[in-house]
Amino acid sequence: MVQVGLLLSDVPKDVPPAQQFDDVLRIVDAAQRNGFTYIAIGQHFLYGELRWLQPVPLLARLAAEVDPHVKLVTQIMIAPLYHPVILAEELATLDVVTQGRLVFGAGIGYRPEEFGYLGIPFRERASRMDEALEVITRLWTEDEVTHRGRHWQLDGVAPHIRPVQRPHPPIWIGAQKKPGVERAGRLGDAYACPPEASRDEAAERYRIVRDGFAARGKEFGPQPLRRNVLVADSREQAIAEYARVAKGKYLSYASKGFDLMGKQELEDSFAETVAGHAVLGSPEEVVKQLTELVTTLPVDPLLVRPQWPSMDGAETVATIERLGRDVVPAIRAITPRSDIPALAGERAS
């Protein structure tokens, strides 16, 4: 079956942190009751008017709340901001605490100011990402590690914390652009395709990952895919509701350097700008769109975003319950595929 997961959201800073955490517990409980089997959370630092709870301590706490089959995902952590020894030991500990349910999702980041806060050159983020992933996997899998790199050096160190999972927790690499997709093929276990990618763009990116896997003798299989989803009684209602809850976040992304969609476009024609990737409509329309995606792409799990900063906990729980009633069972009934379909004008592969 195609598993379904959800992404937890950042919230406005004027929501008390204790309330944010209480809402997370309610959301996670609702997710389990409604068939979601992956809980994912992203990461940012000093994020201005919005707040993220940091993923490592939060997921450690959630491990006590979720059932044994539920995976806990860092989607994504900004790996270049860490020394790889710190990240390797934090995540190995998290895999122990979650009893082998951790998925490590990583990316290079896109906000120069976050790198500035921590004294790390933004221009080095790609090389730091590659080197960090190399060091982390060696610390997880080798008895003694010597590393002479551009950014870090280790001389005959003996790792003392190993993950529960062997050889290590799955590494998902998130990226919007081709070099990051190629990195997933070279260094990752999966490519977490972002929600802004169209079906054909996702297929092309999965091909790049498949070829990278083949070059190192790694089998290609179903990959995680993100989608922003909203179900209402009609498509018109869904579009209006999506604009109400999500437009502010899209504009925040644009103002913080996430440049895939222009701020003016979002201001002037929000519905048209997001129409190519957001899955909006009645239950029947949403199921049809998502079914087309997961039956024509190698997808597992499907990660959806039911929450936006403008939504409180009760509203998010109601959204999850509707997804659980109207959408999740249809997706879980689908068997994942492992092959990648042909794009228009191409031969199947």
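The following dialogue examines how several terms are applied to a predicted model.

Trainee: Why is Asp23 called buried?

Mentor: The cut-off for buried is under 20% relative accessible area. Asp23 has 11% relative accessibility, so Asp23 counts as buried.

Trainee: What makes the pair of Glu113 and Arg111 a salt bridge?

Mentor: The closest N and O atoms of Glu113 and Arg111 are 3.0 Å apart, and the limit is 4 Å. As for accessibility, Arg111 has a relative accessible area of 2% and is therefore buried, whereas Glu113, at 30%, counts as partly exposed.

Trainee: Why is Asp233 called exposed?

Mentor: Exposed requires over 50% relative accessible area. Asp233 reaches 55%, so Asp233 counts as exposed.

Trainee: Which parts does the salt bridge of Arg322 and Asp233 tie together?

Mentor: The side chains of Arg322 and Asp233 meet at 2.9 Å, N to O. Arg322 lies in helix 12 (residues 313-326) and Asp233 in the loop between strand 11 and helix 8 (235-255), so the pair ties together parts that are 89 residues apart in sequence. Asp233 and Arg322 also belong to a network of salt bridges with Arg325 and Asp326.

Trainee: What makes strand 1 and strand 13 a pair?

Mentor: Two strands pair if there are at least two bridges between them. Strand 1 and strand 13 (residues 299-305) have three bridges, in the parallel sense. Within this pairing, Val4 stands opposite Leu302 and Gly5 has Leu303 as its bridge partner.

Trainee: How do you know that strand 1 also pairs with strand 3?

Mentor: The requirement is at least two bridges, and strand 1 and strand 3 (residues 38-41) have three, again in the parallel sense. Here Gly5 stands opposite Tyr38.

Trainee: On which sides of strand 1 do its buried residues lie?

Mentor: Val4 and Leu6 are on one side, Gly5 and Leu7 on the other, and all are buried, so both faces of strand 1 (residues 4-7) are covered. In a regular strand the side chains alternate between the two faces of the sheet.

Trainee: Why are strand 10 and strand 12 called edge strands?

Mentor: Nine strands form an open sheet in the order 10-9-6-5-3-1-13-11-12, with parallel pairing. Strand 10 (190-192) and strand 12 (279-281) each pair on one side only. Neighbouring strands of this sheet are turned by 30 degrees against each other on average, direction ignored.

Trainee: Which strands does helix 6 touch?

Mentor: Helix 6 (residues 178-187) packs on the sheet and touches strand 9 (171-174) and strand 10; its direction makes about 165 degrees with that of strand 9. Helix 7 (residues 199-215) lies across strand 10 and strand 11 (223-231), running at about 160 degrees to strand 11.

Technical notes. Residues are numbered from 1 along each chain as its sequence is written. This is a predicted model: local features need pLDDT of at least 70, side-chain atom pairs count only at pLDDT 80 or more; totals for chains, interfaces and linings use all residues. Side-chain values use heavy atoms; hydrogens and water are left out. Buried means under 20% relative accessible area, exposed over 50%, partly exposed in between (1.4 Å probe, protein chains only). Helices (H or I, at least four residues) and strands (E, at least two) are DSSP runs, numbered from the N terminus. Axes are lines fitted to C-alpha atoms, for helices over the stretch in contact, and angles run from 0 to 180 degrees between N-to-C directions. Contact means heavy atoms within 4.5 Å.
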